[in-house]
Structure formats: structure tokens, C-alpha cells
Amino acid sequence: MWETDMKVANVSGRLHLVRDGRVLDVAKASGGRFPAEPGEAYARWEELTGWAADQPDDGFTEAPPATELGAPVPAPRQVFALGTNYRKHAEEVGWPIPDTPLVFTKFPSSVTGPDARVGITGPRVDWEVELVVVIGAGGHRIAAADAWPAIAGFTVGQDISDRDVQMRPAATPQLGLGKSFPGFSPIGPVVADLAEVGDPHALGLRCWVNDELVQDGRTDDFVFTIPEVVEYLSAVVTLLPGDLIFTGTPSGVGTARRPPRFLAPGDEVRSEIAGIGAMTTTFVARPA
């Protein structure tokens, strides 16, 4: 599940460091210096990463099963997302390459963890694997050149989309509403910092529906870079610790296939980004 050394995860509601597939309870190991609640880590990210680098390997224990992993940012205050931020995706859906970032918001109540069961809300529910930026220090009016210190790290996300609700009415699509049903923003399994990820503009990301590979893209196809997006958003809003930015999806979504293909109860969607990890989302019938 985990491919590199130092990351953080939400294990049974508690913040853990992740190293070589093993975990360390942060609050216990730090003697209460850092909180157990995962969402509180991002305001102190620089201090946390400095402390984590000094922790010996022998304090780490075996990784938990996936069922114990929660969203590494369980209750973000703001969730932003970008539309058509991959050139090939814009081409496949027939939308023009935007001149400025196409921003919408997803409601925080849609955030769930990396082993979630998500209800199918209609006949046209679609998948969108995405690299998600997790804000650390954040701030207002952050220049692109100063963006990286404002960021804690990165996680895997799915921008699950009910296309009927998203495109209702067609003349004025409601992007955020159609992408904010309960569970429609799974993230995880970890948050990895910049040192772990390497160049976030050179990452491979893939998505499978059951055993079929449906998306296989790279972040070098971004229309707008991460620093450009941070500058654009923070010119308007104050970015807060733990905020999420879904950076867009590569080509291969269901609505663009011929014929179109959508999710149904029983489907499993596996989302993977090199250097961060993978998560599996199981789709079920929505309760009446």
C-alpha cells in the first residue's frame, strides 16, 4: 500500500507516521506534544516533520488493515477542485482549455477514507482519479514562488461525480453539487510530503474499475501548475491548514467513453498515484 518512507495516516481516528509500511502513533510517541486528531497536524506540519525525522525505526509497529484507515484529513474546512486541468481530459470531453483555473468547491461532508463504501446515487455516477493537495501553513495572497512552504503534502483522491446532478440544468452546470454526495470525495491512504513525492508535476496516476484500467495519466499534462493554483485561489480566499485542492483528472472518465460507461452497485474503483499509494472504493446500492 505504501511505497516510500515518511508519510502520515489516520489509523482508527489517530494520527500515525508511516515509514516503510510500518506506523507510529504520534500522540503517544511524542508524549502529547502533538495531538492524536489527524486534522490538527497540518497547522504544525513543519514542526511535526522535524520531530518525525528523529524517530527511531524500532518504535514503529506493523501496518493496520485497510479497514482501520480513515481520511488523512477527516474534516477539512474548505475543499476546492479544478475542472479540465488536464489537456487530454479537456479534449476528450470537448471543452476548451481554460485561460484561468476553472474552480468549484466540493462540500466537506463528502470526504471519506480510502476503504469507503459509497452509495450509487443515480444511473450516471462517474470516476475521476486526482492528485489532491493538502494545505499546511496556508495563507492569503500567496505568490506562486512561495507556494511550496504553504503546502503540507499530497494524497490520492476520487472526485466521484453524479453527471445528471452535475449537468442539471445543462446551461449552468452545478459542478460542486453533483460531486458532493456522502462519500463522493474519498482520499488516502496517506498524506506524503514534497520530499517523499518528488516532483508533483511528474507523477503517474491510474484508476481501475474492477480489473479494467480506465485512466492512466501523468500530472505533466496539467494546464495550471500547483503553485499557479495556490496563487490563484489565495488571491481570493485564505487557505487554511488541512484544506484540500483536487487538482483535476486525466482522460479516461466514463462519460467520455463511447458508449459511455458508469458505475453500478458492486463495482470497485482502485485509485493509485506513484509515490503516495492506492485506495479502493466499493460502490453499493444507496439506501431508499
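Within β19, Val118 finds its bridge partner in Phe283. This is a predicted model, and the pairing in question belongs to β9 and β19 (residues 277-285), two parallel strands joined by four bridges. Both sit in an open sheet of five strands, ordered β9-β19-β18-β15-β16, with mixed pairing. At the edges are β9 (117-120) and β16 (212-218), each of which pairs on one side only. Leaving direction aside, neighbouring strands in this sheet are turned by 20° against each other on average.

Helix α6 (residues 226-234) comes next, with Ile226, Pro227, Val229, Val230, Leu233 and Ser234 buried. Looking down the axis of α6, these buried residues fall within an arc of 160°, so they line one face of the helix. Their cover includes the strands β6 (79-83), β7 (102-105), β11 (129-135), β12 (151-158) and β17 (244-246).

Now for the backbone. Most peptide bonds are trans, and most residues other than glycine have a negative phi. Against that background, the bond from Arg168 to Pro169 is cis, with omega near -5°; Pro169 is found in the loop between α4 (163-166) and β14 (185-192). The bond from Gly188 to Pro189 is also cis, again with omega near -5°, but Pro189 lies in strand β14.

On the phi side, Ser12 is not a glycine, yet its phi is positive at about 50°. Ser12 belongs to the loop between β1 (7-11) and β2 (14-19), and its relative accessibility of 53% makes it exposed. Thr84, not a glycine either, has a positive phi of about 45°. Thr84 occupies the loop between β6 and α3 (87-93) and is buried, at 6% relative accessible area.

Notes:
Residues are numbered from 1 along each chain as its sequence is written. This is a predicted model: local features need pLDDT of at least 70, side-chain atom pairs count only at pLDDT 80 or more; totals for chains, interfaces and linings use all residues. Side-chain values use heavy atoms; hydrogens and water are left out. Two strands pair if DSSP finds at least two bridges between them. Axes are lines fitted to C-alpha atoms, for helices over the stretch in contact, and angles run from 0 to 180 degrees between N-to-C directions. Buried means under 20% relative accessible area, exposed over 50%, partly exposed in between (1.4 Å probe, protein chains only). The arc is that of the directions from the helix axis to the C-beta atoms. Contact means heavy atoms within 4.5 Å.
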